[in-house]
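This report concerns selected side-chain arrangements in one protein model. The structure is shown first, and the description follows.

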Amino acid sequence: MEIETNAIHAGHEPDPASGAIVPPIHLTTTYEREADGTYPHGFTYSRTSNPNRAALEANLAALEGGAEAVMLASGSAAMMTLFQALQPGDHVLAPDNLYFGIRKLLEDVFAPWGLESTFVDMTDLNVVERAFRPGTRLVVIETPSNPQLKITDIQAAAALAHGHGALLACDNTIATPVLQHPLEHGADLVIHATTKYLGGHSDVMGGAIVARENSPLLEKIKVIQNLGGAIPSPFECWLTLRGIQTLPYRVRAQAANALKIARFLESHPKVEKVLYPGLAAHEGHEIAGRQMSAFGGLMSMLVKGGQDEAMTVAARVQLFTRATSFGGPHSLIEHRASIEAPGTKTPPNLLRLSIGLENVEDLIADLTSALL
């Protein structure tokens with residue numbers, strides 16, 4: 001089935017108790033056993049599984065074309081669980097412009113634990129090739145990347161990883177399964193911060209790992225999910241599943257708005273550069289065009305000048321909201337370098353824009369006033 005149908009039907013079944021087509025929220029933490037000790041409904045304890053989480057995991061697996069999905073409490077928790085499934089002494093290759101929170105996770109949490117990592121330019125496959133070690137077990141890519149919107153060739157990265165006996169994990173948060181299917185291009189795992197476009201309304205946290213096939217690593221991920229308990233609540237799963245029903249239409253509308261805004265900003269005299277893979281001038285435009293059906297609702301612009309000039313533009317907006325995160329219906333603007341950790345790779349004159357579902361001409365008018 002196509003993604004519009006899967007978004008609505010995968011994991012959704014009418015409630016057997018009432019016939020309701022909207023699933024109830026199962027707030028229970030525990031489930032009754034039969035006299036013989038069995039669990040006839042397959043649920044024992046909600047840290048292990050819950051009907052709402054099971055439905056969401058089935059839905060995400062269908063959207064990404066994977067064998068199974070594992071829901072966690074946030075995108076960061078999903079990445080942490082993936083790293084925990086490796087062994088001390090293993091080596092991870094990751095992008096040099098990786099989302100700063102995950103880089104800090106590798107450097108400050110997992111390096112003392114014994115997990116080694118190297119950060120490289122994933123857009124240069126020769127650099128990536130030279131960075132492999134005998135102990136490299138995992139390659140992480142983020143395409144498009146946050147907040148610099150760099151593009152990695154998924155198929156080429158997967159071939160390199162597999163040639164060195166490693167797995168490839170692709171963060172697909174920005175593209176979503178509406179616009180990109182990393183598993184079809186050779187990725188072994190897909191990561192999502194479901195907080196963003198999948199939930200879609202800036203009101204629910206979550207993260208997910210979707211595996212292309214069953215494997216010992218996937219089983220270990222599920223063990224950590226169960227024992228560690230970093231899981232979303234039933235209500236959070238219910239909200240995310242509800243949000244996914246409109247995902248294809250929201251994402252395509254946001255991508256269409258974003259392309260118009262990117263073209264407007266590209267020609268503005270106060271803008272040094274627009275970072276958006278939908279523009280022909282973007283370094284990754286050709287690759288993005290091969291592996292994406294559209295270019296997403298997130299972009300960044302480099303304001304001419306420095307941090308002060310960028311902050312001034314952000315201060316002048318009226319319709320855009322100055323806030324972090326992305327993927328919701330409201331358009332957001334944020335000066336990323338000032339919120340990231342010391343040593344960030346984000347340029348000081350960069351503003352990240354999450355394009356929402358407002359009228360695109362109203363958004364352009366707001367940016368026009370802010371860039372005076």
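A residue is called buried under 20% relative accessible area, exposed over 50% and partly exposed in between (1.4 Å probe, protein chains only). On one side of helix α12, D308 and A315 are exposed. The model is predicted, so local features need pLDDT of at least 70 and side-chain atom pairs count only at pLDDT 80 or more, while totals for chains, interfaces and linings use all residues. Residues are numbered from 1 along each chain as its sequence is written, and side-chain values use heavy atoms, leaving out hydrogens and water.

Helix α12 spans residues 307-316, and its buried residues are A310, V313 and A314. They lie on the same side of α12 because they cover an arc of only 100° around the axis, taken from the directions from the helix axis to the C-beta atoms. The buried residues of α12 pack against β9 (298-303), β10 (321-322), β11 (332-335), β12 (350-354) and α13 (360-370), contact meaning heavy atoms within 4.5 Å.

The structure also holds 6 aromatic pairs. One of them, F83 with F110, is edge-to-face, at 5.6 Å centre to centre and 75° between the planes. This pair links distant parts of the chain, helix α3 and helix α4, 27 residues apart. Rings of Phe, Tyr and Trp (its six-membered ring) pair if their centres lie within 6.5 Å; planes under 30 degrees apart count as stacked, over 60 as edge-to-face and the rest as tilted.

Two charges sit over rings, as tabulated below. The criterion is NZ of Lys or CZ of Arg within 6 Å of the ring centre and within 35 degrees of the ring normal.

| Charged residue | Ring | Distance from ring centre |
|---|---|---|
| R103 | F119 | 4.0 Å |
| K196 | F326 | 5.3 Å |

How values were computed. Helices (H or I, at least four residues) and strands (E, at least two) are DSSP runs, numbered from the N terminus.
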